[in-house]
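Subject: The structure for you to look over

Hi there,

Here is the structure I said I would pass on. Please have it open while you read, and my notes follow below.

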Amino acid sequence: MAAGVALVLGVAAAPAQAAEVAYATRCVPPAAAGLPPVDGTTRVEVTAPATAKVGDEVEVGWKFVQAASKNPDLIDLPANSVQPSGTLKAAGAQTADVAMQGPRENPAIPKGGDMVLSDMKGTLKLTAPGEVTLTPDAYDINVMSTDTKCAPTGAVQPAATINVTAGDGTSTPTESPDPTDSASATPTATPSASATESQGTDTGGSGSGGGGQTDFTGKEVKVPYACKTPIGDKDATSPVQINAKKNGGGYDLTVQFKGSVMDSPADIPKDSVKPSMEVAVGGADQGTVHVEGPTNAEDIKSGDPMEIPDLTGTYKPGATGESTLSPGVLTINALGTTTTCTPTTSEVSLTLDTTQQASGAAGGSAASGSAGGSSTSGGLAETGAEDDGALKALALVAGTAVLLGGAVFTFLPGRRRLR
């Protein structure tokens, strides 16, 4: 009789069994990709011990037998940029969700090449005697900072069964309360997060001129953008803040994008990315003010954090009174491509008490002038925006990161949709 072999750290099980299962899957690309869900087939091999006893903690494995997709002919994906994670459903003698994850390990994947996903592993604590079945369920595929979420569209057959015998452990269903506690903990965290957001909005406040004040701090506002990219339309929302420093009769403006945008999906050479914005002027004054940021001073390596730098420019008031400054059209020039993002709604970040200057932005209903490359503002698109992702849809590389969501998951059995 072959006996179960004791594993390290008290994990015990009989020799592993492996079984393959295929199931229909619907994958939803990142919202920034602007692509519809894609239907395909997931084929995996699940590995688990054939027998074990109550109290054992067993290791289970998930291997992608066939790549779920090809990399469309848009960008090359660098080595070690793709990481899968997912869930195995345990049922029968006990029920549990087994968290699975693989390392971020893959060869460089050229345009049009097969997607290669690493093997995933997880552990399951056995709590009751009887048969425990393991069935693959939903999984995510992370490419740098973007996720494609895949889930079964029909019934999935169990891929492996563990025969659990009574042992020194107890079959007390301790796992059932845990998910309940975890679920109840989530709503508790949610009000805390929303309360923090609310406080941030209230305390941001708009500054106003007057007296001897020279520095004015704007309110952080969330700006929904409708973007025209090299591969189509995208929506994204980003927190933006406009600050001003009085300089004679004018103001030096600084536009800040809060927080890191994303990790770079590819190596980007220096001096290849340049952002700019047309700040919208309203209230007593009318027009726009051009602000821009520097190009990237150094090469950005794949996987390194990316941020939109501060955008700066000079505002010369064209009218006397309360003038408002709001984030306007954002342009990102990168790797020979241009992405233009227009706010779908406008919210004031900063209010200033201004005094009209010669060659100022505008004067109420008077014709617009120029202020450091300013121009009259156009109409705003009335497109909804989702994905509160701090411009993760845009990143800083219109030629690479913006394409990433559309470049990664085009399933073989379905249509090949690049745009």
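A disulfide here is a pair of cysteine sulfur atoms within 2.5 Å. Numbering the bonded cysteines of the protein in sequence order, the pairing comes out as 1-2, 3-4.

Before I go further, some housekeeping. This is a predicted model, in which local features need pLDDT of at least 70 and side-chain atom pairs count only at pLDDT 80 or more, while totals for chains, interfaces and linings use all residues. Residues are numbered from 1 along each chain as its sequence is written, and side-chain values use heavy atoms, with hydrogens and water left out.

**The overall picture**

The protein's secondary structure amounts to two helices and 26 strands. Both kinds of element are DSSP runs numbered from the N terminus: helices are H or I with at least four residues, and strands are E with at least two. Of the 419 residues in the protein, 45% are buried. Buried means under 20% relative accessible area, exposed means over 50%, and partly exposed is in between (1.4 Å probe, protein chains only).

The accessible surface of the protein is about 18900 Å², and carbon and sulfur atoms hold 51% of it. Those areas come from the Shrake-Rupley method with a 1.4 Å probe, and for residues only the protein chains shown count as cover. As for contacts (heavy atoms within 4.5 Å), residues 24 or more positions apart account for 74% of those in the protein with a separation of 6 or more.

**The disulfides**

How many disulfides does a search of the whole structure find? It finds two. One of them joins Cys 27 and Cys 150, with the sulfur atoms 2.0 Å apart. This link of Cys 27 and Cys 150 is right-handed, with 115° about the S-S bond. Cys 27 lies in strand S3 (residues 16-28) and Cys 150 in strand S12 (residues 146-152), so the pair ties together parts that are 123 residues apart in sequence. Both Cys 27 and Cys 150 are buried.

Cys 227 and Cys 341 also form a disulfide, and their sulfur atoms are 2.2 Å apart. Here too the link is right-handed, with 115° about the S-S bond. The pair links distant parts of the chain, 114 residues apart: Cys 227 is in strand S15 (residues 221-229) and Cys 341 is in strand S24 (residues 337-343). Cys 227 is buried, because its relative accessible area is 1%. Cys 341 counts as buried at 1% relative accessibility.

**The strands around them**

The strands that carry Cys 227 and Cys 341 are also paired: S15 and S24 run antiparallel and are joined by four bridges. Strands pair if DSSP finds at least two bridges between them. In this pairing, Tyr 225 stands opposite Pro 343 in S24. S15 is mostly covered, with seven of its nine residues buried.

Please look at strand S19 (residues 273-283) as well, which is mostly covered, with eight of its 11 residues buried. S19 pairs with strand S23 (residues 321-334) in the antiparallel sense over 10 bridges, and the bridge partner of Pro 275 in S23 is Ile 332. S19 also runs antiparallel to strand S20 (residues 287-292), to which six bridges join it. Glu 278 stands opposite His 290 in S20, and a hairpin through three residues joins S19 to S20.

**The aromatic rings**

Rings of Phe, Tyr and Trp (its six-membered ring) pair if their centres lie within 6.5 Å; planes under 30 degrees apart count as stacked, over 60 as edge-to-face and the rest as tilted. By this rule the count is five aromatic pairs. One of them is the edge-to-face pair of Phe 216 and Tyr 251, at 6.0 Å centre to centre with 65° between the planes. Phe 216 in strand S14 (residues 215-216) and Tyr 251 in strand S17 (residues 250-257) are distant parts of the chain, 35 residues apart. Phe 216 is buried, because its relative accessible area is 2%.

Tyr 251 forms a stacked pair with Tyr 315, at 6.2 Å centre to centre and 25° between the planes. That pair also links distant parts of the chain, with Tyr 251 in S17 and Tyr 315 in strand S22 (residues 311-315), 64 residues apart. Both Tyr 251 and Tyr 315 are buried. Elsewhere, ring pairs link Trp 62, Phe 64 and Tyr 139 into a cluster.

Best wishes
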